[in-house]
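Let's take a walk through a protein together.

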Amino acid sequence: MLKRVPVREITLGMYVHAIDGPWLAQPFWRSRFLLTSLDQIAMLRRSNVKAVMIDLDRCVGSARPVHPGRVRRVQVQNDIVRREADLTAAKHVTDDARAFMKAVFDGASNGARLETGPLDGVVRSITDALERNRPMLLGMMRLKTRDSYTYFHSVAVGTLMINFARELGLAADDVRLMGLGGLFHDIGKIRIAKDVLNKPGRLTPAEWDEMRRHPEIGHALLQAGDVPSTALDVCLHHHEKVDGSGYPFGLVGDDISLAARMGAICDVYDALTSERAYKDASSPVAAVAAMASWSGHFDPALLFVFMKSICVFPVGMLIRLRSGHLAMMRDNGRRTSRARLTVFYDIADQRLLPPYEVYLSDIDTSATILDVPDPLHYGLANWAEVKEQLLEGHDPSIGSGARPKLG
């Protein structure tokens, strides 16, 4: 059911079905969206829009309508209401961004000039959703079908790039540029034959040669438009590898820009975790484990930061914690879906400890997890043996030790 609401009366949780007024008067790139931030309300009130049409059935939280004469007696806990709103907001962001990118790709196929202005709204929307609930949005990005892959892959890579850039602590404008690079990175595939793109079997040499043309095709398309150099760079070089075995130019190491090295990681991760005509989707843990095993493919330091940004690590990886302890990543276990690590070593005392588990959801991984250390540097010459015991659930500690505080 729709209801016209004056802009001065709108509140968080209302679902805007339409802007009551000229399209150019409204400040948003989407016509339908959930009001999830005070900034959105402020923008509407500063605009020339006088009223909006609210879809009462799609409002959430306290904005959800009640039947006339019925007294609201139940107060929903804040965290439950927020989660419901976060889930709805994440779904709208992904659906709207996918539809928008489809329009961009279709327009480019028909000869439209590519410009970044309209996409800035998409980047802001994704950035806001990541700020609101990062795990929720990243999880939503993995929900794609074979038919929706082309456009959703661009949205997913753009989202991963924004999230990655934020983990690296890049400036806001650089975060924006990385997001645009992800959204545009595969634009060249609009000129690749569909039977090659979606072929379920192995490509022939001729088909592979055609597929490898998409970075240069996309670069040419972007050059003809109004697109920043960072997005051009990601498009052209996201298939380069640090050992020089990539394409189209076989660049090595630091000859590949930071943006392109980030793009390579995000592109492959999303491809691995997506279902395609020729393969099933890998789990996030299996994907990062495979990527970590490909020596010379990615910048290893950047790959680890990417893992931190999505809070996914290979099982068995050795981790150094800010608390001065070493830990090992574990699988999720049989009774929980929460990722965990096992703390087992005190660096200062150089001794094994009775192992104990910490769930990643209970800590700030960005601040708590520092790096992947060399076990020999900490006197763990028998790391392989210790790792095997930890994976089997045994206690490799010698003697007893007080359980240190993680922090």
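What you see is a predicted model, in which local features need a pLDDT of at least 70, side-chain atom pairs count only at 80 or more, and totals for chains, interfaces and linings use all residues. Residues are numbered from 1 along each chain as its sequence is written, and side-chain values use heavy atoms, with hydrogens and water left out.

So what is pLDDT? It is the predictor's confidence in each residue, from 0 to 100. The protein averages 86, and 86% of the residues score at least 70. Among the named elements, the mean for helix 1 (residues 38-46) is the lowest at 74, while helix 9 has the highest at 98.

Strands of a sheet pair through backbone hydrogen bonds, either parallel or antiparallel. Here four strands make an open sheet in the order 1-4-2-3, with antiparallel pairing. Strand 1 (2-6) and strand 3 (33-34) sit at the edges with a single partner strand each, so one side of each has no neighbour in the sheet. Two strands count as paired if DSSP finds at least two bridges between them. Strand 2 (residues 15-20) and strand 4 (residues 51-55) have four bridges, and Ile-19 has Val-52 of strand 4 as its bridge partner.

Is helix 8 (residues 214-223) largely enclosed or open? Seven of its 10 residues are buried, so helix 8 is largely enclosed by the rest of the structure. (Buried means under 20% relative accessible area, exposed means over 50%, and partly exposed is in between, with a 1.4 Å probe and protein chains only.) Those buried residues include His-214, Ile-217 and Leu-221, and the buried residues pack against helix 5 (172-184), helix 7 (205-211) and helix 9 (229-237).

The loops have their own details. Between helix 9 and helix 10 you'll find Pro-248, joined to Tyr-247 by a cis peptide bond with omega of about 10°. Further along, Ser-283 is in the loop between helix 10 (258-272) and helix 11 (284-293). The C-alpha atoms of Ser-283 and Thr-273 are separated by 5.9 Å, although the two are 10 residues apart along the chain.

Cys-311 is not a glycine, yet its phi is positive, about 60°. Cys-311 lies in the loop between helix 12 and strand 5 and is partly exposed at 25% relative accessibility. Gln-350, too, has a positive phi, near 50°. Gln-350 is in the loop between strand 7 (340-346) and strand 8 (351-359), and is exposed, with a relative accessible area of 58%.

Val-315 is in the loop between helix 12 (300-310) and strand 5 (318-321), where it is partly exposed at 38% relative accessibility. Val-315 forms a nonpolar patch with Val-285 and Leu-391, with about 200 Å² of accessible area together. Patches are made of residues with over 30% relative accessible area and no salt bridge, joining like charges within 9 Å and nonpolar side chains (Val, Leu, Ile, Met, Phe, Trp, Tyr) within 5 Å. A salt bridge is a side-chain nitrogen of Lys or Arg within 4 Å of a carboxyl oxygen of Asp or Glu. Accessible areas come from the Shrake-Rupley method with a 1.4 Å probe, and for residues only the protein chains shown count as cover.

Definitions and conventions:
Helices (H or I, at least four residues) and strands (E, at least two) are DSSP runs, numbered from the N terminus. Contact means heavy atoms within 4.5 Å.
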